[in-house]
Amino acid sequence: MQLGREVKVALIREALKNGARLLPLLSEERLMSFMDEKLSGIPYPEGRAFLARMALQWKKRLPSMSKNCRNKAISNFFVNALIVGNERRRDFAEKNGYKPPFFFVVSPTMACNLRCYGCYAGEYTKEGLPYDVISRVLNEARGMGIHFITISGGEPFTRKDLLDLFQEFDDIYFQIYTNGTLINAEMAKKLAKLGNAMPCISVEGFEQETDERRGKGTFNRIMMAMDSLQREGVPFGFSATATRSNNEFVVSDEFIDFYAQKGCFLGWYFNYMPIGRCPELDLMPTPAQRNWRRERLNSIRDVKPILMSDFWNDGPLTGGCIAGGRSYFHINSNGDVEPCVFAHFALDNIKEKSLTEVLDSKLFWAIRKRQPYNENLLRPCMIIDNPNVLREIVAESGAHPTHPGAETIITDLAEAIDHYADEYGKIVDPVWSQKYAATVGAD
């Protein structure tokens, strides 16, 4: 007698859960051997290396996590998102002609208790996305095999029903970008009990740098939040925006070692983008600075006790840009479905269409058919590395800006962005030819 598909999935899920519980007991050699086998289909060597490092980090951190955080990391992330979800996403692709992304970003609110200069979200309306809309979208996502969701904003913890969402979707793993100031001892206990949410706290450096941008006293509140999360066994990380003034510091030994000692599991790096509130081109790291940061991170990834990734410099890790539904997209607090958190244009609104419909949109197909935009994956971005692409897809699809002033990136600032892209290309095109072209995607 043949087993039905749902029965098979249930049996696979249970077997994987039982196997995953042994993760902390595996030697590093056995774990790496297992990962080599499972990751062999990924054509990008840096992508395979990153996922292998991630597995090692999880192995090291699991014993210090609360019981619920440990169980949810295994069942929701490793089993649901990475393995069972991937099978469901493949099935969806066979039926619909495109594969759903691994994850997406939802900003339930753009309201925030801070007012930081240069905030990418500073010009959005502060309207919140209705809870029933978010719930409906996450139900649709589960049906596609998406079990990893990033929550952004605004400041997500200003939503009083945020933890209700985590509880309702307890088979999904959530990553939360937050300023950290609303995470106190009580909130840390609640997150430890839920187990399926990992905060990533925004930092600019240490006290002087953080308070300068985010307001006096913010750094001390962040430190208390990290202490509370570590005490309760909740995994967490940092998020750092590299600017012209802090680019070198945020990848220094002093910076990374400090946040690793505070208990950070991972660190995400973002390049300052001239969008949002009062965009300033002079805040962007220079092309030379950006390349220096890329080289620095590549040189220390394997020696620091923290998982690190750079949203603009890790194109070889992902095969280029992941926006437009290829691997992710963004739903803002008004419901507009943007191809990327930093590309503030949309064609559809999730309040009016299903997740399947917006992923199949003219805007997303215009992006996906062009990816990668450049054979040099060190230049992955359609906004600042290949700005002609953003202008083309907006014109081709008829996408509209999602807040006042969003269009300036392709109008008023176009000439300056083109110059930036050309200058960065002069630096990294030779690097690509000499160090990457022969190996990335070759196997």
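Figure 1. Val105 stands opposite His330 in strand E8. This is a predicted model, in which local features need pLDDT of at least 70, side-chain atom pairs count only at pLDDT 80 or more, and totals for chains, interfaces and linings use all residues. Residues are numbered from 1 along each chain as its sequence is written, and side-chain values use heavy atoms, with hydrogens and water left out. Helices (H or I, at least four residues) and strands (E, at least two) are DSSP runs, numbered from the N terminus. Two strands pair if DSSP finds at least two bridges between them. E1 and E8 (residues 330-331) pair in the parallel sense, over two bridges. Strand E2 (residues 148-151) also runs parallel to E1, joined by four bridges. Phe104 stands opposite Ile149 in E2. Which residues cover the two faces of E1? Phe103 and Val105 lie on one side of E1 (residues 103-106), Phe104 and Val106 on the other, and all are buried. Buried means under 20% relative accessible area, exposed over 50%, and partly exposed in between (1.4 Å probe, protein chains only).

**Figure 2. From E2 to E3.** Phe148 and Thr150 point one way from E2. Ile149 and Ile151 point the other way, and all are buried. Four bridges link E2 to strand E3 (residues 173-178), and the two run parallel. Tyr173 in E3 is the bridge partner of Phe148. Between these strands the chain passes through helix H6 (residues 162-168), and this β-α-β crossover is right-handed. That hand means that, with the strands pointing away from the viewer, the path from the first strand over the helix to the second runs clockwise.

**Figure 3. Two cis peptide bonds.** The bond from Gly153 to Gly154 is cis, with omega near 15 degrees. Gly154 sits in the loop between E2 and H6. Gln371 and Pro372 are also joined by a cis peptide bond, with omega about -10 degrees. Pro372 belongs to the loop between helix H14 (362-368) and helix H15 (387-397).

Figure 4. A search of the whole structure finds one cavity of 30 Å³ or more. On a 1 Å grid over the protein atoms alone, a cavity is a set of points where a 1.4 Å probe fits but cannot get out; lining residues have an atom within 4 Å of a point. Grid points are joined across faces, edges and corners, and a volume is the space filled by probe spheres set on the points. The largest cavity has a volume of about 40 Å³. What lines this cavity? Its lining is Pro108, Tyr131, Ile134, Arg159, Asp161, Leu162 and Leu165. Helix H5 (131-144) and H6 each supply at least two of the lining residues.

**Figure 5. The buried face of helix H10.** Phe255, Ile256, Tyr259 and Ala260 are the buried residues of H10 (residues 253-261). Seen down the axis of H10, they fall within an arc of 125 degrees, so they line one face of the helix. The arc is that of the directions from the helix axis to the C-beta atoms. An α-helix has 3.6 residues a turn, so residues three or four places apart point the same way. Exposed Glu254 and Gln261 are carried on the face turned away from the buried side. The cover over the buried residues of H10 includes strand E4 (197-203), helix H9 (218-232), strand E5 (237-242), strand E6 (266-271), H11 and E7. Gly263 follows H10, and its phi is positive, near 110 degrees.

Figure 6. Gln57 lies in helix H3 (residues 45-61). At 7% relative accessibility, Gln57 counts as buried. Contact means heavy atoms within 4.5 Å. Leaving aside neighbours within four places in sequence, Gln57 is in contact with Phe265, Lys304, Pro305, Ile306 and Leu307. Gln57 and Phe265 are 208 residues apart in sequence, yet 7.4 Å apart in space, C-alpha to C-alpha. Ser309 is placed in strand E7 (residues 307-310), and its relative accessible area of 8% makes it buried. Beyond four places in sequence, the contacts of Ser309 are Phe50, Gly267, Trp268, Tyr269, Arg301 and Asp314. Asn291 is found in helix H11 (residues 287-300). Asn291 is buried at 8% relative accessibility. With neighbours within four places set aside, Asn291 is in contact with Tyr424, Ile427 and Val428.

Technical notes:
On a 1 Å grid over the protein atoms alone, a cavity is a set of points where a 1.4 Å probe fits but cannot get out, and a pocket is an open set with protein on both sides within 12 Å along at least five of seven lines; lining residues have an atom within 4 Å of a point.
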